[in-house]
Amino acid sequence: MLAMMLTSTATVLVAGIVSIIYEVTAFRSASVRDLSAQAQIIGENCAAALEFDNPETADATIASLRARTDIEAACVYRKNGSVLASYPHQTATALTTFPKVESEGYRIERGHLALFHQISRKGEVVGTVYLRSNLEEHYARLGAGITVALAAMVAAWALALALAARLRRQIANPIMELANMTERVRNQQDYSLRSKKHGEDEIGVLTAGFNRMLEDIQDRDAKLHQAYLELQSSEDALRKLSVRLLQSRDEERRRIAGELHDATGQKLAAAAMYLSQIDRSSSTLTQTEQEALTKSLALLDESSQEIRTLSYLLHPPLLDERGLLSALPWYVEGFSMRSEIKVVCDIAPNVGRLPQEIEMALFRIVQEGLSNIHRHSGSPEAVIGLQKKGQAIRLEVRDSGKGFPAKRPDGLPVVMGVGITSMRERVRQLHGQMEVHSDSQGTTICVTLPLNGAET
Ligand SMILES: Nc1ncnc2c1ncn2[C@@H]1O[C@H](COP(=O)(O)OP(=O)(O)O)[C@@H](O)[C@H]1O
Ligand SMILES: [Mg+2]
């Protein structure tokens with residue numbers, strides 16, 4: 001609105017100033033034109049009088065100027081500069097009030113226009129006519145002209161302001177309303193808001209378009225929200241499923257370990273016992289039978305050993321009976337022997353027995369971590385660190401191998417497998433945090449579990 005007012009004011013001002021300058025210039029040239037035409041007429045009429053040096057005829061000619069109220073003085077000079085005739089008539093003493101003769105030209109001074117015009121006859125200058133006009137009347141006309149121009153200027157300005165106010169009501173206000181509505185929609189994220197339509201003109205079309213756009217956004221927002229809710233609920237279902245999966249895997253391992261140890265192991269032990277009751281040195285057995293008996297007993301012993309190891313790996317009884325502090329060194333020692341990787345087990349003395357689900361989770365993470373070091377890292381050594389810090393337990397599984405590959409052999413980015421994903425899932429269930437740092441110097445997996453946040 002301010003811009004509109006400033007623009008119309010500036011336009012009206014410039015137009016006014018230009019028209020006043022034009023008036024003043026036009027007034028000047030009109031006055032000069034008029035007086036020089038009059039001087040020409042007097043000159044032509046006095047030419048003969050000058051030639052014959054006849055002041056009476058010249059006097060009579062310039063006496064006709066009485067009709068012109070604006071001409072105050074007139075004078076006809078002879079070629080030598082002396083006065084032949086003058087108006088109003090001058091006595092010899094008053095002659096000095098007329099200026100000395102000058103060359104062709106004019107000047108404006110103190111409200112008067114003075115003009116000299118040379119009179120020629122047969123191509124020869126015979127004298128000069130001098131006219132002096134009072135510009136007061138002309139100035140009065142000019143003043144009236146300027147007043148009219150100023151009045152027109154003020155009227156145009158008032159009209160421009162009235163138009164600007166009307167335009168503001170019709171255009172600027174609805175546009176401001178639209179802008180405010182955009183701001184409200186953005187701040188409140190409320191796409192059900194609508195802008196009021198004021199008419200059927202271009203602004204009305206713009207408002208309707210804006211409202212239609214809001215309808216579309218509202219529609220899409222609702223669909224997006226619905227899709228988000230569905231995604232969230234399937235993510236929830238997936239989480240619950242993975243919790244149950246991990247739990248049932250642990251239970252299954254525990255069951256199979258028990259079965260192998262208590263049933264199959266016992267049966268193998270019983271078979272070995274029965275076979276050992278046969279007297280291998282008895283003469284009733286042939287050499288081949290004696291050898292078969294010895295090999296069978298050795299195989300039974302080996303199988304019992306393997307079954308025991310397998311059942312302990314599936315679920316070490318030490319973990320339930322004596323906790324992580326005993327199970328972890330036992331497992332690490334066996335792993336070192338099987339894999340030929342030197343593992344240092346650094347367990348802080350203040351780590352006592354922990355809640356069962358935490359011990360189970362930490363044990364499984366160490367198992368998966370060491371198995372990854374064996375399968376992927378190429379590291380000859382590993383470190384397992386376990387510390388208790390306040391109400392949290394911190395586990396670190398570190399190797400000095402080649403680190404995670406930047407890309408898979410087929411060029412695609414590395415995706416975490418089941419191992420790392422199930423580690424993360426276990427940690428998430430216990431409200432803990434897990435970080436994996438890996439570079440060409442090795443890989444470190446850090447897990448922090450709160451001791452009071454365990455799910456029971
Ligand atoms: N200690 C490690 N050193 C180097 N790479 C590793 C290590 N642990 C895991 N990785 C990389 O991360 C990938 C995912 O591991 P994981 O989730 O346990 O799945 P998987 O062992 O079945 O491949 C592995 O295939 C391997 O490329
Ligand atoms: Mg793995």
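1. Start with ligand 1: it has 18 residues around it, and Asn-372, Ser-377, Gly-417, Gly-419 and Ile-420 come nearest (a residue is near if its C-beta atom, placed from the backbone, lies within 6 Å). Bear in mind that this is a predicted model, where local features need pLDDT of at least 70, side-chain atom pairs count only at pLDDT 80 or more, and totals for chains, interfaces and linings use all residues. Residues are numbered from 1 along each chain as its sequence is written, while chains are lettered from A and ligands numbered from 1 in the order in which they are written.

2. Helix 8 (356-377) and helix 9 (418-429) each give at least two residues to that shell (helices are DSSP runs of H or I, at least four residues, and strands are runs of E, at least two, numbered from the N terminus). Helix 8 has the largest share, 5 residues.

3. Now helix 3 (residues 136-188): its 53 residues should span 78 Å at 1.5 Å a residue, and the end C-alpha atoms are 73 Å apart, which agrees (the expected span is 1.5 Å times one less than the number of residues). Just after helix 3, Gln-189 has a positive phi of about 55 degrees.

4. There's also an open sheet of 5 strands, ordered 2-1-5-4-3 with antiparallel pairing (strands pair if DSSP finds at least two bridges between them). Strand 2 (83-87) and strand 3 (105-109) sit at the edges with a single partner strand each, so one side of each has no neighbour in the sheet. Strand 3 pairs with strand 4 (residues 112-121) over 5 bridges, in the antiparallel sense. Glu-109 is opposite His-112 of strand 4.
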